[in-house]
Amino acid sequence: MQGLAASSMLSLTVVVVVFLIGMADHSDGRRRVISSSSDEPCKEMTLYLHDILYNGANNSANATSAAATKPTALSTTHWKNGTFFGTLVVFDDPVTVGKALPVAEAGEEPAIRAQGFYFYDKKESYNAWFGFSIVFNSTAATGTINLMGADLMYEVTRDISVVGGTGDFFMTRGIATLRLDAYEGTVYFRLQMDIKLYECYI
């Protein structure tokens, strides 16, 4: 009797494994590709994120981000000028393939946007944590790439994780290397994102 139960359990396990393997291909015929080397991503791209922080005065028409909270009292305990510790910023930023930020026609939406938040999470110095989606909506690509991780602001480059995606980037995984490319005070910054995907559906 025990042998029969064990045999039935083994058969069930084999059926489940075969079913899961069968699901490895996306339903629209794409196949899953996993890179075997960090030097050979299955997809890569360089994009530029443009963040214009609302300054509370005269830039509400073109601001793309705003602080949703104020710094905490702890932000002034180490640095006289504060570190923005505890401040949460929500953003809906245009993203471009080149560095230039194009002038949009009235009512026209950028083909790529970055939507999410970052918050300052270190008392002693500037440091942030990102969680956002890059949203594609053009004939070239549709869907999202979802990213999250620590933005170690004093490093020249820093990596955050690509944790998934949708549409043309279904279930993708990889690394985005961030670099501050330009800034104007605390109101504007342009972030270069070198994205390498190591798990793709093609």
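The questions and answers below concern a predicted model.

Q: How many disulfides does a search of the whole structure find, and which cysteines are joined?
A: The search of the whole structure finds one disulfide. A disulfide is a covalent bond between the sulfur atoms of two cysteines. Here the S to S distance is 1.9 Å, and the residues joined are cysteine 42 and cysteine 200.

Q: Which parts of the chain does the pair of cysteine 42 and cysteine 200 tie together, and how many residues apart are they in sequence?
A: Cysteine 42 sits in the loop between strand S1 (32–34) and strand S2 (43–52). Cysteine 200 belongs to strand S10 (residues 188–201), so the parts tied together are 158 residues apart in sequence.

Q: Is cysteine 200 buried or exposed?
A: A residue counts as buried under 20% relative accessible area. The value for cysteine 200 is 1%, so this residue is buried.

Q: What is the handedness of the link between cysteine 42 and cysteine 200?
A: The angle about the S-S bond is 80°. The link of cysteine 42 and cysteine 200 is right-handed.

Q: Which strands does the salt bridge of aspartate 92 and arginine 113 tie together?
A: The side chains of aspartate 92 and arginine 113 meet with an N to O distance of 2.6 Å.

Q: Which residues are linked with Asp181 in a network of salt bridges?
A: Arginine 179 forms a salt bridge with aspartate 181, with the closest N and O atoms 3.0 Å apart. Arginine 190 also forms a salt bridge with aspartate 181, at 2.7 Å between the closest N and O atoms. The residues linked with Asp181 in the network are Lys99, Arg179 and Arg190.

Q: Which residues is valine 90 in contact with, leaving aside its neighbours within four places in sequence?
A: Valine 90 lies in strand S4 (residues 88–96). This valine 90 is partly exposed, with a relative accessible area of 44%. Leaving aside neighbours within four places in sequence, the contacts of valine 90 are Thr64, Ser65, Ala66, Ala68, Gly116 and Phe117.

Methods: Residues are numbered from 1 along each chain as its sequence is written. This is a predicted model: local features need pLDDT of at least 70, side-chain atom pairs count only at pLDDT 80 or more; totals for chains, interfaces and linings use all residues. Side-chain values use heavy atoms; hydrogens and water are left out. Helices (H or I, at least four residues) and strands (E, at least two) are DSSP runs, numbered from the N terminus. Buried means under 20% relative accessible area, exposed over 50%, partly exposed in between (1.4 Å probe, protein chains only). Contact means heavy atoms within 4.5 Å. A disulfide is a pair of cysteine sulfur atoms within 2.5 Å. A salt bridge is a side-chain nitrogen of Lys or Arg within 4 Å of a carboxyl oxygen of Asp or Glu.
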